[in-house]
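Trainee: I am new to this structure. Please show it to me, and then I will ask how the terms apply.

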Amino acid sequence: MGRQVCDAVEAADGMEVVARIDVGDDPKAAVEAGAQVAVDFTTPDSALGNIEFCVGNGIHAVVGTSGFGPDKIARVERALAASAGVGVLIAPNFSLGAVLMMKFAAQASAYFESVEIIELHHPNKLDAPSGTALRTAQLIAESRAAAGVGPSPDATAEDGDHHRGGKVEDVTIHSVRLRGLIAHQEVLLGGVGETLTIRHDSLDRASFMPGVVLGVREVAGHPGLTVGLEHFLSL
Ligand SMILES: NC(=O)C1=CN([C@@H]2O[C@H](COP(=O)(O)OP(=O)(O)OC[C@H]3O[C@@H](n4cnc5c(N)ncnc54)[C@H](OP(=O)(O)O)[C@@H]3O)[C@@H](O)[C@H]2O)C=CC1
Ligand SMILES: O=C(O)C1=N[C@H](C(=O)O)C[C@H](O)C1
């Protein structure tokens, strides 16, 4: 992602890549080069420190790295509280189709008794479930709570080995890791006598680039923390 993002930013109107920071490089090089916006696609362990460094140095940040739970989000907010005017965008998924898939799934989940998520990714992915699946589960939970819909029915009495996947916000998520895949997700919804499946496929990492470039363009105009690219789009 890092290499592809550098190419996409370099090709975008009015943007220039002034520093490329790999693991082991000193991030001060970005400050010295006058970076206005940093883009982070690293690892769940590295990203928080990178964001805190950027915010502390007045650099806006666009973050694609997954694994941002409530604790890390709170730390980003604390860093931002001490740096007025700096913006951080954390987007679980930068592809337009995935943003729409999450929105449609959350909307539909208010009308169906059952909902489960299957996320499917390449086997080099470090985290499970994916950031997209976590965010989808949160959005579904919010939508179902607002509509007064209870948890999906499930009579499984025992599942010591997790054959039924894992639950996030009471929504079951199944994670598939398979050579040949890039990034895919299905949200399965079920009601009496019918099912609805909402599926998104990233067939190429190029699918994330327009969203990243949009984030870089817009983040300075959105001080504070924004979670989700949908807030920079008029959907
Ligand atoms: N939001 C979205 O739309 C998308 C999010 N992602 C997420 O982005 C992240 C990266 O994905 P991907 O590119 O596939 O992963 P890779 O593992 O291929 O790349 C991560 C890179 O970050 C480097 N790195 C680790 N720590 C640091 C650091 N402190 N400073 C600079 N570089 C560092 C790693 O170096 P080394 O290998 O030497 O450790 C590695 O080269 C993942 O969390 C993934 O889930 C991916 C695609 C889309
Ligand atoms: O690691 C990936 O590849 C991806 N990670 C993000 C996630 O965890 O949801 C976004 C996309 O699914 C690709």
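Mentor: Domain bounds come from an automatic or database domain assignment. This is a predicted model, in which local features need pLDDT of at least 70 and side-chain atom pairs count only at pLDDT 80 or more, while totals for chains, interfaces and linings use all residues. Residues are numbered from 1 along each chain as its sequence is written, and chains are lettered from A and ligands numbered from 1 in the order in which they are written.

Trainee: What makes domain 1 and domain 2 of the chain?

Mentor: The assignment gives 2-90 + 206-232 as domain 1 and 96-203 as domain 2. Their centres, taken over C-alpha atoms, are 27 Å apart.

Trainee: How many residues does the contact take from domain 1 and from domain 2?

Mentor: Contact means C-beta atoms, placed from the backbone, within 7 Å. By that rule nine residues come from domain 1 and nine residues from domain 2.

Trainee: Why are strand 5 and strand 8 called edge strands?

Mentor: Strands are DSSP runs (E, at least two residues), numbered from the N terminus, and two of them pair if DSSP finds at least two bridges between them. The open sheet has five strands in the order 5-6-4-7-8, with mixed pairing. Strand 5 (166-168) and strand 8 (194-202) each pair on one side only, so they are the edge strands.

Trainee: How do you know that strand 7 and strand 8 pair?

Mentor: DSSP must find at least two bridges; strand 7 (residues 183-191) and strand 8 have nine, in the antiparallel sense. Therefore they count as paired. One bridge joins Gly 191 to Glu 194 in strand 8.

Key:
Two residues are in contact if their C-beta atoms, placed from the backbone, lie within 7 Å. Helices (H or I, at least four residues) and strands (E, at least two) are DSSP runs, numbered from the N terminus.
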